[in-house]
Amino acid sequence: MDFVQLTVCWNALEAKLLKGKLASAGIPCVLQGDTVSTVGVGFGGANSAFQIPVLVRTEDLASARNVINC
């Protein structure tokens, strides 16, 4: 299974919300560096400066783009 980057979130809260939105649409995703983003919540809260790439399966990319553009 190949994964591609859908977008980049700038904090853990945004990443978790996007992951939930994609999951609701039946699209699994991976938050790259998710462990670091969780640690960042303790230090920077929702405004932490960690970049969190959101990856989806290659075959889900078009559908995922439609979900985040709604």
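## Salt bridges

The structure holds 2 salt bridges, a salt bridge being a side-chain nitrogen of Lys or Arg within 4 Å of a carboxyl oxygen of Asp or Glu. This is a predicted model, in which local features need pLDDT of at least 70 and side-chain atom pairs count only at pLDDT 80 or more, while totals for chains, interfaces and linings use all residues. Residues are numbered from 1 along each chain as its sequence is written, and side-chain values use heavy atoms, with hydrogens and water left out.

Arg57 pairs with Glu59 in a salt bridge whose closest N and O atoms are 3.7 Å apart. Asp60 forms a salt bridge with Arg57, and here the closest N and O atoms are 2.7 Å apart. Through shared partners, the salt bridges join Arg57, Glu59 and Asp60 into one network. Side chains of opposite charge can pair when their charged atoms come close.

## Surroundings of the network

Exposure is described by relative accessible area: buried means under 20%, exposed over 50%, and partly exposed in between, with a 1.4 Å probe and protein chains only. Glu59 is exposed, with a relative accessible area of 55%. Arg57 is partly exposed at 22%, and Asp60 is buried at 12%.

Asp60 is placed in the loop between E3 and H3. Helices (H or I, at least four residues) and strands (E, at least two) are DSSP runs, numbered from the N terminus. The side chains of Asp60 and Arg57 are also joined by a polar contact of 2.7 Å. A polar contact is a pair of N or O atoms within 3.5 Å; within protein, one must be able to donate a hydrogen and the other to accept it, and residues adjacent in sequence count only if both atoms are side-chain atoms. Leaving aside neighbours within four places in sequence, Asp60 is in contact (heavy atoms within 4.5 Å) with Ile27 and Pro28.

## Overall arrangement

The protein chain has 3 helices and 3 strands. From the N terminus on, these elements run β-α-β-α-β-α. Of the 70 residues of the protein chain, 31% count as buried.

The protein chain exposes about 4,300 Å², of which carbon and sulfur atoms supply 57%; accessible areas come from the Shrake-Rupley method with a 1.4 Å probe, and for residues only the protein chains shown count as cover. Among contacts between residues at least 6 apart in sequence, 77% join residues at least 24 apart.

## The nonpolar core

A nonpolar core is a set of buried Ala, Val, Leu, Ile, Met, Phe, Trp, Tyr and Cys residues joined through side-chain atoms within 4.5 Å. The largest such core has 15 residues, and those with the most contacts inside it are Leu6, Leu22, Val54 and Val56. Two or more residues each come from strand E1 (3-9), helix H1 (12-24), strand E2 (29-31), strand E3 (52-57) and helix H3 (61-68). H1 gives the most to this core, with 4 residues.

The contacts of Val56, leaving aside its neighbours within four places in sequence, are with Asp2, Phe3, Val4, Leu6, Leu22, Ile27, Pro28, Cys29, Leu61 and Ala64.

Val4 is found in strand E1 and counts as partly exposed, at 25% relative accessibility. With neighbours within four places in sequence left aside, Val4 is in contact with Val54, Leu55, Val56, Thr58 and Leu61. The C-alpha atoms of Val4 and Val30 are separated by 9.8 Å, and these residues are 26 residues apart along the chain.

Val67 lies in helix H3 and is buried, with a relative accessible area of 15%. Leaving aside neighbours within four places in sequence, Val67 is in contact with Lys21, Leu22, Ala25 and Ile27. A distance of 9.4 Å separates the C-alpha atoms of Val67 and Leu18, which are 49 residues apart along the chain.

## Cysteines

A disulfide is a covalent bond between the sulfur atoms of two cysteines. It is identified here as a pair of cysteine sulfur atoms within 2.5 Å, and the structure holds 0 disulfides. Cys9 is in no disulfide, and the nearest cysteine sulfur, that of Cys29, is 8.6 Å away. Cys29 is likewise in no disulfide.

Both residues are covered by the definition of buried: Cys9 has 1% relative accessibility, and Cys29 has a relative accessible area of 11%.
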